[in-house]
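Subject: Handing over a structure, with notes

Dear colleague,

I am passing on the structure below, and I would be grateful if you could look through it with these notes beside you.

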Amino acid sequence: MQEMIKVAVDAMGGDNAPAEMVRGAVGAVTLRQDIKVALVGQQDIIKEELEKCAFGGSQIEIVHAEEVIETAEPPVMAIRKKKKSSIVIGMNMVKDGSADAFVSAGSSGAILVGGQVIIGRIKGVERPPLAPLIPTEKGVSLLIDCGANVDARSSHLVQFAKMGSIYMENVLGVKRPKVAIVNIGAEEEKGNALVKETFPLLKNSPDINFVGSIEARDIPHGDADVIVCEAFVGNVILKLYEGVGATLIGMVKQGMMQSTRSKVGALLVKPALKETLKAFDASQYGGAPLLGLKGLVVKAHGSSKAQEITNSIIQCVTFKEQEINEKIRKNIGTAPIEAE
């Protein structure tokens with residue numbers, strides 16, 4: 001008998017909640033018969049959205065949560081005080097085993113705090129990083145960390161590289177993924193104090209396929225499979241990536257509508273252009289897993305539409321099937337990493 005994987009989804013989190021969250025859940029269970037989804041949030045509102053989708057199957061259930069953690073709320077205080085919120089209830093479902101994973105497009109701070117406080121870290125993991133997949137010329141790369149640890153140490157970055165390698169090899173099927181550290185030049189002696197301290201640790205780590213430094217301009221070319229950095233740098237890269245991509249797409253569309261000739265040309269190239277631009281749509285890769293926790297938490301974009309939520313839920317199935325947490329537990333040692 002096929003094993004069912006249950007994913008709790010924060011139906012109240014995100015700019016487009018609950019409608020897009022509910023539609024995303026319906027999309028996931030329509031595509032996969034081995035998924036069950038628990039929509040966590042205000043029952044009456046979620047039920048109304050499900051009725052709009054004309055869904056009445058048994059693969060989706062509603063778990064009532066009367067409170068909502070807003071984006072602007074202080075994360076620690078919100079997690080402590082709002083015990084009946086969709087984020088806290090969803091994470092407690094992962095903690096007690098009633099759900100295999102939790103997906104939310106809600107408050108990043110609350111998700112990061114809740115992941116560590118409620119679910120907890122795998123023993124030996126110093127800091128759990130957020131690790132989204134970003135589109136490149138050669139496919140995708142894993143950007144780790146992109147928002148969880150803005151004041152990381154060198155030992156954290158080494159663990160990020162190890163966890164990222166495990167993820168890319170087992171979830172994406174990339175054999176011996178190439179790992180690079182974000183730097184302002186290719187030379188080993190370049191970089192700030194953190195990069196200079198981390199570089200030799202990565203270089204001397206036998207279980208990491210380290211290829212050296214990578215400059216930001218080379219990231220879109222796909223020169224590395226795992227891009228390692230602390231969260232401040234990673235978040236800047238991610239947001240710039242998204243902003244430039246959206247701007248370029250907008251400018252291309254505008255340019256194609258400027259004259260009759262360009263409009264005719266647009267009709268001719270539209271199919272090929274649409275397929276090319278689709279590869280740079282981040283929503284098709286799902287959300288960013290918070291790696292290194294005892295259970296799986298996936299942070300989706302705050303502006304997520306149904307497709308990203310669907311893909312985030314399906315992403316959880318692969319994560320569970322490939323036993324990513326067990327592999328991280330086996331590969332991340334408890335001994336501190338020291339510079340030579």
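This is a predicted model: local features need pLDDT of at least 70, side-chain atom pairs count only at pLDDT 80 or more; totals for chains, interfaces and linings use all residues.

Residues are numbered from 1 along each chain as its sequence is written, and side-chain values use heavy atoms, with hydrogens and water left out.

Salt bridges

A search of the whole structure finds 13 salt bridges, the term being used for a side-chain nitrogen of Lys or Arg within 4 Å of a carboxyl oxygen of Asp or Glu. In general, side chains of opposite charge can pair when their charged atoms come close.

One of these bridges joins the side chains of Arg-23 and Glu-20, with 2.8 Å from N to O. The two residues are 3 residues apart in helix H1 (residues 19-31), so about one helical turn separates them; helices here are DSSP runs of H or I with at least four residues, strands are runs of E with at least two, and both are numbered from the N terminus. Glu-20 is buried at 13% relative accessibility, whereas Arg-23 is partly exposed at 44%, where buried means under 20% relative accessible area, exposed means over 50%, and partly exposed lies in between (1.4 Å probe, protein chains only).

A salt bridge also links Glu-49 and Lys-52, at 3.3 Å from N to O, and these residues, 3 residues apart in helix H2 (residues 43-52), are likewise separated by about one helical turn. Glu-49 is buried, with 12% relative accessibility, while Lys-52 is exposed, with a relative accessible area of 57%.

Arg-32 and Asp-34 meet through their side chains at 2.8 Å, N to O, and a network of salt bridges links Arg-32, Asp-34 and Glu-321. Of this pair, Arg-32 is partly exposed at 24%, and Asp-34 is buried at 3%.

Helices H6 and H11

Helix H6 (residues 154-171) packs against helix H11 (residues 324-331) at an angle of about 140°, with the axes 10 Å apart; axes are lines fitted to C-alpha atoms, for helices over the stretch in contact, and angles run from 0 to 180 degrees between N-to-C directions. H6 and H11 are therefore oblique to each other, given that angles under 35 degrees count as roughly parallel, over 145 as roughly antiparallel, 65 to 115 as roughly perpendicular and the rest as oblique. Among the residues that meet are Lys-162, Met-163 and Ile-166 in H6 and Ile-324 and Lys-327 in H11, contact meaning heavy atoms within 4.5 Å.

Two buried residues

Thr-310 is found in helix H10 (residues 306-321) and is buried, at 5% relative accessibility. Not counting residues up to four places away in sequence, Thr-310 touches Arg-23, Gly-24, Gly-27, Ala-28 and Leu-31.

Ile-144 lies in strand S6 (residues 139-144) and is buried, with a relative accessible area of 0%. Leaving aside neighbours within four places in sequence, the contacts of Ile-144 include Pro-129, Phe-160, Val-228 and Leu-291. The C-alpha atoms of Ile-144 and Cys-53, by contrast, are separated by 36 Å, and these two residues are 91 residues apart along the chain.
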